[in-house]
Amino acid sequence: AANTPPTPEETVVTDKYAFAFDIDGVLIRGGKVIPEAVEAMRMLNGQNSYGIKIPYIFVTNGGGKTEQERCIQLSQQLEMEVSPGQFICGHTPMREMAQKYHTVLVVGGEGEKCRLVAEGYGFKDVVTPGDIIKDNIDTTPFRKLTEEEYKNSRVRNFGEIEIDAIFVFADSRDWASDQQIILDLLMSKKGRLGTRSETFDEGPPVFFSHNDVVWSTSHDLTRIGMGALRVSLEAMFKAVTGKELVTTAFGKPQVGTFEFATRLLQQWRKHTHGIDSPPDTVYFVGDTPESDIRGTNEFNEKAENTWYSILVRTGVFREGTVPKFTPKATVDNVLDAVKHGMEREA
Ligand code: G3P
Ligand code: MG
């Protein structure tokens, strides 16, 4: 039985290397699992001829629900258990700002989900666009709240509230009304709705959970994402006020996200596998050159050559084009990416 792959009980966990995965365009597309992803995860979990298990984490720019909820969904899709201890989404690092800003506007996502995410992060007073429309229905001439939205929105008197920061947690479901509300705040006196600043430089700061202009979903061609909203907002602010708007984006390719991922991987390897030393190599598998490959390559320079970028052909990147940022390897899909890393280490 020399050729039979070892059973998971006989496998050892390697401390030499690890994997980190992007989600959309690599493991999932349009809510459906990319078939090779299930097999790729099985290989990492010990179903391979090397007799090893390889630790891994997930680093997505997506968001819109709690990390826990997202992991339950991912576990079903990948047919294995995914723990929040190995998962970061675009808005995860925003939890570190909950102490700094008291009253915040949270934009994007479905229904009340992002409000709940923000409250879970410890934000004390979370306002949604729905609350603002409920307080003054004339805010957005072409958007009326649905019965459900009206019911969930909280009655406030925004004439007396200062909004300290704006966080775009997930894709806006209504660009026009969300942008109107963000613009109103940016043009206000210190985040007080209904007022207009004379200088347009005292509005709250705006944070986006990532900067992906396009992303890969169920359509054959890429779809516009949160980065496109950011571009749009900045252009609109300029058109209306004549001034430059400076906003901040989290997520990949920001170095901070990769540092966050490094800490998560370190904790994950320690707590679940008892590994104390850092890995020699982290293979990052992504589909978006501007986020995944750029971020991995730039971080690699800071991280003593330990991060290795692998680009897949199942998402944003299309064969026949030249990616703006050059990966260490380009492969058809996530299964080939896992095989590439394992062969390189063997
Ligand atoms: O909205 C999510 C999308 O822009 C990217 O997600 O998993 O490819 O980082 P992901
Ligand atoms: Mg992706």
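K134 lies over the face of Y150, at 4.4 Å from the ring centre. A charge counts as over a ring when NZ of Lys or CZ of Arg is within 6 Å of the ring centre and within 35 degrees of the ring normal. The model is predicted: local features need pLDDT of at least 70, side-chain atom pairs count only at pLDDT 80 or more, and totals for chains, interfaces and linings use all residues. Residues are numbered from 1 along each chain as its sequence is written, chains are lettered from A and ligands numbered from 1 in the order in which they are written, and side-chain values use heavy atoms, without hydrogens and water.

Six strands form an open, parallel sheet in the order β7-β6-β2-β15-β16-β17. Strands (E, at least two residues) and helices (H or I, at least four) are DSSP runs, numbered from the N terminus. Two strands pair if DSSP finds at least two bridges between them. The edges are β7 (87–88) and β17, each pairing on one side only. Five parallel bridges join β2 and β15. F21 stands opposite V285 in β15.

The largest nonpolar core has 35 residues. Such a core is a set of buried Ala, Val, Leu, Ile, Met, Phe, Trp, Tyr and Cys residues joined through side-chain atoms within 4.5 Å. Buried means under 20% relative accessible area, exposed over 50%, partly exposed in between (1.4 Å probe, protein chains only). F19, F21, L27, M41, F58 and L78 touch the most other members. Elements giving two or more residues include β2 (17–21), α1 (35–44), α2 (67–78) and α10 (334–345). Beyond four places in sequence, the contacts (heavy atoms within 4.5 Å) of F21 include M41, F58, F284 and V338.

Aromatic pairs number 20. Rings of Phe, Tyr and Trp (its six-membered ring) pair if their centres lie within 6.5 Å; planes under 30 degrees apart count as stacked, over 60 as edge-to-face and the rest as tilted. F284 and W307 are stacked, at 6.3 Å centre to centre and 25° between the planes. F284 belongs to β15 (281–286) and W307 to β16 (307–312), so the pair ties together parts 23 residues apart in sequence. Both F284 and W307 are buried. Ring pairs also link Y17, F19, F21, Y56, F58, Y283 and Y308 into a cluster.

Buried residues of α9 include P289, I293 and F299. They pack against α8 (255–273), β15 and β16. After α9 comes E304, with a positive phi near 50°.
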